[in-house]
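The following note comments on the model shown below. Its points run from confidence to architecture and then to individual residues.

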Amino acid sequence: MVPSQRIRLARLTSIALAVTLMTSLVTHAHATISLGLINDFQDGTAQGWDGGANFPINIANGGPLGAGDRFLQINPNTFFASYNLSISGAVDANVTGFTVDLMAPANNVDTLEMRLVLFGPGISTGTRYTSATPITIPNDGVWRNYYFSLLEPDLSLPGGGDTYANVIADVNRIMFRHDPGTPDFGGTFASAVLGVDNLTAVSIPEPNTPLLLLSAISLATFFRRRR
C-alpha cells in the first residue's frame, strides 16, 4: 500500500470512528424508557440512583426475595428523595407506569408518602410532573409492590410551564420522593429510611382497575424471577 493510500485509509477510519461515537452519544441522549426491568441492584451498585445528601446505598441481603437479594436503601436528610439521571429519554407508548418494590422499616419515625416525579427536558426548565396522589408506605418492614402511573390524568404539575406531551417525549430524570398532602415542587423532610427494589416499566390500560393492577404486579414478579 502506497503512503497516499495509507493516509486516506487512516482518514476514513477516523471519520468512521467519529460517526460511530456521535451516533452512540445521540442514542444515549435520546434513550427510550421501554417495557421491562430497569433496576434490581444485583450488581452491588446504586445503578445511577442518587439523593445528594440522602446517600442511597446498596444492601447485600434482605430484598423481597430474601437472602442474597440486594436492594437500595434511601436514607433521610434535608428532604426525602432519590433521583436517577440515567433513566431518561422518551417514554415508550406502551409504558403506562412503573411498578417498584418498597419497604419501610418498623422503626421509622415518620410514615412515608411517596410520589413519582418526572423532570422536563433540560433541567433548567424547572417543569416537574408528579403523582397527583401519594402512596403511603406502612412502617412494618414488609416489602410490597406498588404502581406509579405515568398517565397524564394521574399526574399533577406543581411547577414549570412545559406540556405533558413535551415532558413524556424527553424525560430528563425521574425521582421518588416523600411529598404528603398537596403536590409540592420541592418535597418534604422525613425521619425515615426506605428500601427500593425491582423498578419495572409496565403497561396497564387502566391503572385503577384491580385486576389489571394485579397483572402488572405479576409482570414485575416475572421480570424479577428472570434475573
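**Comments on the predicted model**

1. The chain has an average pLDDT of 79, and 72% of its residues score at least 70; pLDDT is the predictor's confidence in each residue, on a scale from 0 to 100. This is a predicted model, in which local features need pLDDT of at least 70, side-chain atom pairs count only at pLDDT 80 or more, and totals for chains, interfaces and linings use all residues. Residues are numbered from 1 along each chain as its sequence is written, and side-chain values use heavy atoms, with hydrogens and water left out.

2. Where pLDDT is low, predicted coordinates should not be read in detail.

3. The chain contains 3 helices and 15 strands. These are DSSP runs numbered from the N terminus, helices being H or I with at least four residues and strands E with at least two. Among the contacts with a separation of 6 or more, 77% join residues 24 or more positions apart.

4. Of the 227 residues in the chain, 42% are buried. Buried means under 20% relative accessible area, exposed over 50%, and partly exposed in between, with a 1.4 Å probe and protein chains only.

5. The largest nonpolar core has 36 residues, of which L118, I137, F148 and I174 touch the most other members. Such a core is a set of buried Ala, Val, Leu, Ile, Met, Phe, Trp, Tyr and Cys residues joined through side-chain atoms within 4.5 Å. Two or more residues each come from strand 5 (71–74), strand 8 (97–103), strand 9 (112–119), strand 11 (135–137), strand 12 (144–149), helix 2 (164–169), strand 14 (173–178) and strand 15 (194–202). Beyond its neighbours within four places in sequence, I137 is in contact with L102, M103, A104, T111, L112, M114, Y146 and L194.

6. The structure holds 4 aromatic pairs. The ring centres of F71 and W143 are 5.2 Å apart and their planes stand at 80 degrees, so this pair is edge-to-face. Because F71 lies in strand 5 and W143 in the loop between strand 11 and strand 12, the pair ties together parts 72 residues apart in sequence. Both F71 and W143 are buried. Ring pairs also link W49, F148 and F176 into a cluster. Rings of Phe, Tyr and Trp (its six-membered ring) pair if their centres lie within 6.5 Å; planes under 30 degrees apart count as stacked, over 60 as edge-to-face and the rest as tilted.

7. D69 is placed in the loop between strand 4 (57–59) and strand 5. At 2% relative accessibility, D69 counts as buried. A polar atom of the D69 side chain lies 2.8 Å from the backbone nitrogen of L65.

8. Q47, not a glycine, has a positive phi of about 50 degrees; Q47 is found in the loop between strand 2 (36–39) and strand 3 (49–50) and is buried, with a relative accessible area of 18%. N198, also not a glycine, has a positive phi near 55 degrees. N198 lies in strand 15 and counts as buried at 0% relative accessibility.

Definitions and conventions: Contact means heavy atoms within 4.5 Å. A polar contact is a pair of N or O atoms within 3.5 Å; within protein, one must be able to donate a hydrogen and the other to accept it, and residues adjacent in sequence count only if both atoms are side-chain atoms.
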